[in-house]
Amino acid sequence: MSHAGMPHRPRLLIARRIFPEVLERLRTHFELRVNEADAAWSADELIAALQDCDAVFVTTGERIDAALLAACPRLRAVCSMAVGYNNIDLEACTRAGVLVSNAPDVLTETTADLGFALMLAAARRMSEAERWLRRGEWQRWSVEQFCGQDVHGATLGILGMGRIGQAIARRGALGFGMRVIYHNRSRLPAAQEAPLGARWVSKLELLREADHLVLVLPYSPASHHAVGAAELAQMKPGATLTNIARGGIVDDAALAEALRGGRITAAGLDVFEGEPALHPALLELPNVVLTPHIGSASRPTRLAMANLAADNLIAAFTGGPPPTALNPQVLPLR
Ligand code: DGY
């Protein structure tokens with residue numbers, strides 16, 4: 001049953017500014033409260049804004065934990081437009097009977113594009129060369145100027161072989177003739193490995209053999225600093241590291257040290273520990289390409305992500321199955 005036109009529509013907080021067309025869809029079902037200023041709220045500000053709300057539309061930044069749930073007893077659904085949900089305590093939500101959904105699939109190809117672009121840019125020293133050119137330092141062409149690493153034909157190592165990892169593997173194997181190795185908790189079925197020529201290896205083998213290592217695993221306490229000084233020490237000196245997964249998976253201080261000392265040759269980073277703050281050493285290094293968490297940032301993809309969060313919200317409150325619920329066992333909503 002739709003809530004459209006009913007006197008007591010559920011109250012929905014939109015925690016960040018989103019596309020007007022998605023707001024309009026939601027407005028027919030919910031009474032909306034919107035963070036018009038698009039401020040990154042503190043935990044207390046989020047709790048204050050959520051008072052008397054039945055549901056919240058979140059992104060990657062809003063922390064939903066047991067303390068927030070206790071302070072917002074009316075909350076029944078947390079729907080995120082991101083695929084990663086390390087900002088949401090799923091177990092606490094399930095215990096409290098609060099539905100959680102994320103937004104998988106719709107961002108896979110766009111995020112893989114950015115991962116590939118960062119890997120190419122790092123390997124071919126593109127940011128470094130552009131900064132040098134913009135400073136007016138280009139006087140003449142010379143043979144060894146900005147010589148980097150080849151990507152085509154090199155060994156692509158992927159840590160975390162979910163949907164985005166596989167999309168990167170496809171680009172590498174089919175577009176750039178790369179040899180693909182990967183490490184993941186579970187091995188892909190042979191029918192998925194075969195067309196990519198992808199080979200499951202131990203994490204140590206992955207670190208030692210990859211010319212270009214791309215991190216695409218979800219963040220959890222278990223993956224905190226999955227790549228730190230010890231892991232970087234295993235990598236080839238000419239290797240590059242690309243992180244499009246989450247800050248905290250790489251020990252950024254150790255990475256800066258490895259890049260400064262030539263332990264590895266370059267890095268492409270879209271996510272950072274403690275973002276939007278960055279480890280200051282990363283900003284100083286020439287051999288790192290930095291982007292501000294824009295993996296999924298194409299307009300069609302961000303719109304699809306927001307619409308998927310809206311689909312989940314609308315379904316949760318109108319009795320339909322939310323398409324990408326993470327804890328459907330809490331349904332129907334209390
Ligand atoms: C996600 O969806 O988890 C991304 O990091 C946001 O682009």
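**View 1. Confidence across the predicted model.** The protein averages a pLDDT of 96, and 98% of the residues score at least 70; pLDDT is the predictor's confidence in each residue, from 0 to 100. Residues 1-6 come in below 50, and beyond near neighbours in sequence this stretch has 12 contacts in the model, a contact being heavy atoms within 4.5 Å. Where pLDDT is low, the predicted coordinates should not be read in detail. Since this is a predicted model, local features need pLDDT of at least 70 and side-chain atom pairs count only at pLDDT 80 or more, while totals for chains, interfaces and linings use all residues. Residues are numbered from 1 along each chain as its sequence is written, and side-chain values use heavy atoms, with hydrogens and water left out.

**View 2. The open sheet.** Here are 7 strands in the order β8-β7-β6-β9-β10-β11-β12, with parallel pairing. Strands (E, at least two residues) and helices (H or I, at least four) are DSSP runs, numbered from the N terminus, and two strands pair if DSSP finds at least two bridges between them. β8 (199-200) and β12 (288-290) sit at the edges with a single partner strand each, so one side of each has no neighbour in the sheet. Further in, β9 runs parallel to β10 (residues 240-243), joined to that strand by 4 bridges. Look for valine 214 opposite threonine 242 in β10.

**View 3. Helices on the sheet.** α5 packs on the sheet and touches β6 (155-159), β9, β10, β11 and β12, its direction making about 150° with that of β10. α11 lies across β10, β11 and β12, at about 145° to β11. For these angles, axes are lines fitted to C-alpha atoms (for helices, over the stretch in contact), and values run from 0 to 180 degrees between N-to-C directions.

**View 4. Threonine 111 in α5.** This threonine belongs to helix α5 (residues 108-123). Threonine 111 is buried, at 7% relative accessible area; buried means under 20%, exposed over 50% and partly exposed in between (1.4 Å probe, protein chains only). Leaving out residues up to four places away in sequence, Threonine 111 touches Ile164, Ile244, Gly295 and Ser296.

**View 5. The largest nonpolar core.** This core has 31 residues, and those with the most contacts inside it include Leu213, Leu232 and Leu255. A nonpolar core is a set of buried Ala, Val, Leu, Ile, Met, Phe, Trp, Tyr and Cys residues joined through side-chain atoms within 4.5 Å. α11 gives the largest share, 5 residues.
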